[in-house]
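User: I'm new to this one and would like a short tour. Can you put it up and talk me through it?

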Amino acid sequence: MKVLVTGTAGFIGFHLARRLLEEGNEVIGLDNINDYYDVRLKYARLKETGILEGETEYGRLVSSKKYVSYRFIRLNLEDRERVFRLFEVEQFDCVVHLAAQAGVRYSLENPYAYIDSNVYGFMNILEGSRHHPVRHVLFASSSSVYGGNRKMPFSVKDNVDHPVCLYAATKKANELMAHTYSALYNIPATGLRFFTVYGPWGRPDMAYFRFARAIMEGKPIDVYNYGRMRRDFTYIDDAIESVVRLMRGAPGPDPSWNGENPSPSSSFAPYRIYNIGNSEPVDLMHLIGVLETCLGKKAKINFLPMQPGEVPETHADIEDLVRDTGFRPETSIEEGIKRFVEWYRSKRDELF
């Protein structure tokens, strides 16, 4: 396939682009390389796929030095004219939209960044897919859409109308926008609710990454809700395998969908939502213990109250994913953190 992957200087986008290229697909990667976190890591990811920093001028397609079927463009999704031109010229078979302004806490400080990137930017992706039809649009949502829900595990069949941060609200908006375009223009669309994806080349603003860095440097770590937190940590290779399998089959209308008792996970339109998780929540204190074991150092801990916008627990019901892909993510937190720490040690002096 010829695939547009947005966010390829980011964590999941980088891994997905590399996997698709190794399987022989043609990929165009897009990213604006913003400075939400250290851009050295973003450029290092690009370099791993053969894109050199000095070549990434805004709006210019760059060919990879490593993969003959990979090109990259540095572009803001809000740049409507250039995004539309990209769709017009390239004629994609599939779009995997992973680019977004990430982070829960940052949305309290800079809310407009989330509307510009996550809402307006996604609108341009949908319009490009409408006017230059693609066979399948997959887009990143988030476990944060479950917000105030307390019934565990979180099911794609549950209502998600009570977000507790703006980031989550923009992701719910993405789901609604995608469904609208799927219903109006028959665009097959698949939403991916990612649950705390972690691993090598991960985001340095994530808790496991910040903890590892601080423990190695002998600095204290801030642990919120006094450690009474649980997260459905999902190893990056499992997340990528899930996405690749979902890419292979565009959804159709659900013949069992009933407007009198509507399921949020499917539709009369060619639209589906899936949880991408491990379905094995991990206590935050256990995660810290695994990091201590892998790093060979004890953590210095500051226990603090819950921060605004956070939730105490996430737990993914992945039965729809398993049923439709035949794949069940199973990488343990012990194995996943071990691989992350090995990578972090190898890159620490170079990047951090």
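Predicted model: local features only at pLDDT ≥ 70, side-chain atom pairs only at ≥ 80, totals over all residues.

User: What about the phi of W201?

Analyst: The phi of W201 is positive, about 70°, although W201 is not a glycine.

User: Is W201 buried or exposed?

Analyst: W201 counts as buried because its relative accessibility is 6%, and the cut-off for buried is under 20%.

User: Stepping back, how many helices and strands does the chain have?

Analyst: The chain has 11 helices and 14 strands.

User: And what is the radius of gyration of the chain?

Analyst: The chain has 20 Å. A compact globule of 352 residues would come out near 20 Å, so the two agree. Along the principal axes, the C-alpha trace spans about 55 × 55 × 40 Å.

User: How much of the chain is buried?

Analyst: Buried residues are 58% of the 352.

User: What share of the contacts is between residues 24 or more positions apart?

Analyst: 76%, counting the contacts with a separation of 6 or more.

User: How many positive and negative side chains are there?

Analyst: There are 44 positive and 46 negative side chains. The centres of the two sets lie 3 Å apart.

User: Let's pick a helix. Which residues of α7 are buried?

Analyst: Helix α7 covers residues 207-217, and its buried residues are Y208, F209, F211, A212, A214, I215 and M216.

User: What do the buried residues of α7 pack against?

Analyst: They pack against α1, β8 (197-198), β9 (220-224), α9 (284-295) and α11. After α7 comes G218, which has a positive phi near 75°.

User: And α2, which residues are buried there?

Analyst: In α2, residues 39-48, the buried ones are L41, K42, Y43, A44, R45 and L46. Their cover includes α1 (11-22), β4 (70-74) and α11 (333-351). G50 follows α2, and the phi of G50 is positive, near 85°.

User: Change of topic. Where is N275?

Analyst: N275 is in strand β12, residues 271-276. With a relative accessible area of 2%, N275 is buried.

User: What does the side chain of N275 reach?

Analyst: The side chain of N275 reaches the backbone oxygen of D317 at 3.0 Å. A polar atom of that side chain also lies 2.9 Å from the backbone oxygen of F154. Leaving out residues up to four places away in sequence, N275 touches several others, including Y146, R193, F195 and L321.

User: Which peptide bond is cis?

Analyst: The bond from M152 to P153 is cis, with omega near -5°. P153 is in the loop between β6 (136-142) and α6.

User: Since you mention α6, where does K172 sit?

Analyst: K172 is in helix α6, residues 166-185. K172 counts as buried, at 16% relative accessibility.

User: What does the side chain of K172 make a polar contact with?

Analyst: With the side chain of D161, at 2.4 Å. Apart from residues up to four places away in sequence, K172 touches V145, V160 and D161.

User: How about R130, which helix is it in?

Analyst: R130 is in helix α5, residues 111-131. R130 is partly exposed, with a relative accessible area of 32%. Its side chain and that of E127 are joined by a polar contact of 3.1 Å. Setting aside neighbours within four places in sequence, R130 is in contact with Y181, Y185 and I187.

User: Last one. Is G309 buried or exposed?

Analyst: G309 is buried, with a relative accessible area of 17%. It is found in the loop between β14 (300-304) and α10 (319-325). Leaving aside neighbours within four places in sequence, G309 is in contact with V104, V164 and C165.

Conventions:
Residues numbered from 1 in each chain as written. Heavy atoms only, no water. Helix = DSSP H or I, 4+ residues; strand = E, 2+ residues; numbered from the N terminus. Rg over C-alpha atoms; globule rule 2.2 N^0.38 Å. Buried < 20%, exposed > 50% of the residue type's maximum accessible area, 1.4 Å probe, protein only. Contact = heavy atoms within 4.5 Å. Lys, Arg positive; Asp, Glu negative; His and termini not counted. Charge placed at Lys NZ, Arg CZ, Asp CG, Glu CD. Polar contact = N/O pair within 3.5 Å; in protein donor to acceptor, adjacent residues only side chain to side chain.
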